[in-house]
Amino acid sequence: MSESRIDSSKRTWLIASGCAGAVGGVGVAVPFVSSFQPSEKAKAAGAPVEVDISSLQEGEKLTVEWRGKPVWIVKRTKAQIAELPSLDGQLADPQSQRKPDEFTPPYARNEARSIKPEVLVVVGICTHLGCSPVDRFQAGPQPSLPEDWKGGFLCPCHGSTFDLAGRVFKNKPAPDNLEVPPHMYLSDTRLLIGDDKKA
């Protein structure tokens, strides 16, 4: 009789120890296995970003983040679009022919560097040393800008200037136009930044 009690208590102790060991093993394994999964931040860093541009007015700029970079969405006025061809002679690469695969997708290799002429989508990082240019949309003379300035962007670090299509002016430190990221329209008012391939 006492032997069966001992066997029973040993069995209970062995089962309890085994269960505790299994729970502990799972507790250790779950964080280890989950470390193989990319974090939410890592997923977001490379994932396409959907943007609602329905409230963007003419002359305004919206900034979103994609892959840790600022992406500017600018709604240009008809006058600003009409002005673009007149600047070609002052630009280093007016037709975006330099490094097109790196800076300008095929659908943006036009005067406006955009899918829709009124909406510019560019990465807001200077192609010189990676500073972020500032808006200088207003035309006319301003500090650090030419007298006949038509509007665009000024890099405060070394003085590179870009027109309202993100094209760099001649004789500036920046070697290339601002990058046009892959993008596509999901509707008239929704943009997808980071993907331009329809599934």
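Which residues form one aromatic cluster here? They are Trp72, Phe137 and Phe153.

A quick word on the ground rules: this is a predicted model, where local features need pLDDT of at least 70 and side-chain atom pairs count only at pLDDT 80 or more, while totals for chains, interfaces and linings use all residues. Numbering runs from 1 along each chain as its sequence is written, and side-chain values use heavy atoms, with hydrogens and water left out.

The structure has 3 aromatic pairs (rings of Phe, Tyr and Trp, the last by its six-membered ring, pair if their centres lie within 6.5 Å; planes under 30 degrees apart are stacked, over 60 edge-to-face, the rest tilted). Two of them are listed here.

| Pair | Centre to centre | Angle between planes | Type |
|---|---|---|---|
| Trp72 and Phe153 | 4.8 Å | 25° | stacked |
| Trp149 and Phe169 | 5.8 Å | 40° | tilted |

Trp72 sits in strand E3 (residues 69-75) and Phe153 in strand E6 (residues 152-154), so this pair links distant parts of the chain, 81 residues apart (strands are DSSP runs of at least two residues, numbered from the N terminus). Both Trp72 and Phe153 are buried, meaning under 20% relative accessible area with a 1.4 Å probe, protein chains only.

Trp149 belongs to the loop between strand E5 (134-136) and E6, and Phe169 to the loop between strand E7 (161-163) and strand E8 (183-187), so their pair ties together parts 20 residues apart in sequence. Trp149 is buried at 3% relative accessible area, and Phe169 is buried too, at 10%.

Charges turn up as well: Lys61 lies over the face of Trp72, 4.3 Å from the ring centre (NZ of Lys or CZ of Arg within 6 Å of the ring centre and within 35 degrees of the ring normal). Lys116 lies over the face of Tyr185, at 4.3 Å from the ring centre.

Notes. Helix = DSSP H or I, 4+ residues; strand = E, 2+ residues; numbered from the N terminus. Buried < 20%, exposed > 50% of the residue type's maximum accessible area, 1.4 Å probe, protein only.
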